[in-house]
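Biologist: I'd like to learn how to read a structure like this one. Can you walk me through it, one feature at a time?

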Amino acid sequence: MVSIAWSEAFSVGNPLLDSDHRILFDLLVQLFDATDTGQSRDVVGSVLSALSEYAEHHFRREEAMMAASGYPGLEAHKAEHRQLEAHVRDICGRYRAGERGAVDEQVVELLKKWLTQHIQVTDKSYRPWVERVVDGGAKPPSEKLGDGRQS
Ligand SMILES: [Fe+2]
């Protein structure tokens, strides 16, 4: 059983991005349930497509916010997103081609591990920057980083 639930521990300090992350968690649970309960190829395939599409939609939104905040880690962060997108697209392609094992408990566990680690490490790094944009200013959070730059 894959258990994954969003909690405040996953908050990146932005309600829209937090809500995207909750939706991605829900889609992962749906994907697991669909495979675990032996749903038809159409059902599993449509949950998989929804997960892939929502992940891409969310990544674009997150990247736009990081860009607007002047976050310096944007390119490395985008590279992580592209890797996951390619991985999920590969899973979708193999599933559509008839490889039933393309989606199983192990695959869902790996996706869950990727997403939780990505949120807790990579996403949380942009928090002080994105919070500044939401606060109405796009100044670098220099005092929070303690790097001596003037804000
Ligand atoms: Fe991210």
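Biologist: What spacing do the donors of the iron ion follow along the chain?

Modeller: Keep in mind that this is a predicted model. The spacing reads E-x14-H-x3-H-x36-H-x4-D. In residue terms, the protein donors are Glu62 (OE), His77 (NE2), His81 (NE2), His118 (NE2) and Asp123 (OD), and they lie 2.0 to 2.3 Å from the iron ion. Glu62 belongs to helix H2 and His118 to helix H4 (residues 105-125), so this pair ties together parts 56 residues apart in sequence.

Biologist: Are Glu62 and His118 buried or exposed?

Modeller: Buried means under 20% relative accessible area. Glu62 comes in at 0%, so it is buried, and His118 is buried too, at 3%.

Biologist: Next, the rings. How many aromatic pairs are there?

Modeller: The count comes to four. Take Tyr71 and Trp129: their ring centres are 6.1 Å apart and their planes sit at 70 degrees, so the pair is edge-to-face. Tyr71 is in the loop between H2 and helix H3 (74-96), while Trp129 is in helix H5 (residues 127-134), 58 residues apart. Tyr71 counts as buried at 14% relative accessibility, and Trp129 does as well at 4%. Together with Tyr126, Tyr71 and Trp129 form one aromatic cluster.

Biologist: Which ring does the charged end of Arg41 sit over?

Modeller: That's the ring of Tyr95, with the charged end 4.4 Å from the ring centre.

Biologist: And what is Ser52 in contact with, leaving aside its neighbours within four places in sequence?

Modeller: Val88 and Cys92. Ser52 is found in helix H2 (residues 41-69) and counts as buried, at 10% relative accessibility.

Definitions and conventions. Residues are numbered from 1 along each chain as its sequence is written. This is a predicted model: local features need pLDDT of at least 70, side-chain atom pairs count only at pLDDT 80 or more; totals for chains, interfaces and linings use all residues. Side-chain values use heavy atoms; hydrogens and water are left out. Helices (H or I, at least four residues) and strands (E, at least two) are DSSP runs, numbered from the N terminus. Buried means under 20% relative accessible area, exposed over 50%, partly exposed in between (1.4 Å probe, protein chains only). Contact means heavy atoms within 4.5 Å. Donors are N, O and S atoms within 2.8 Å of the metal (3.2 Å for Na, K and Ca); water is not among the atoms, so sites may look incomplete. Rings of Phe, Tyr and Trp (its six-membered ring) pair if their centres lie within 6.5 Å; planes under 30 degrees apart count as stacked, over 60 as edge-to-face and the rest as tilted. A charge sits over a ring if NZ of Lys or CZ of Arg is within 6 Å of the ring centre and within 35 degrees of the ring normal.
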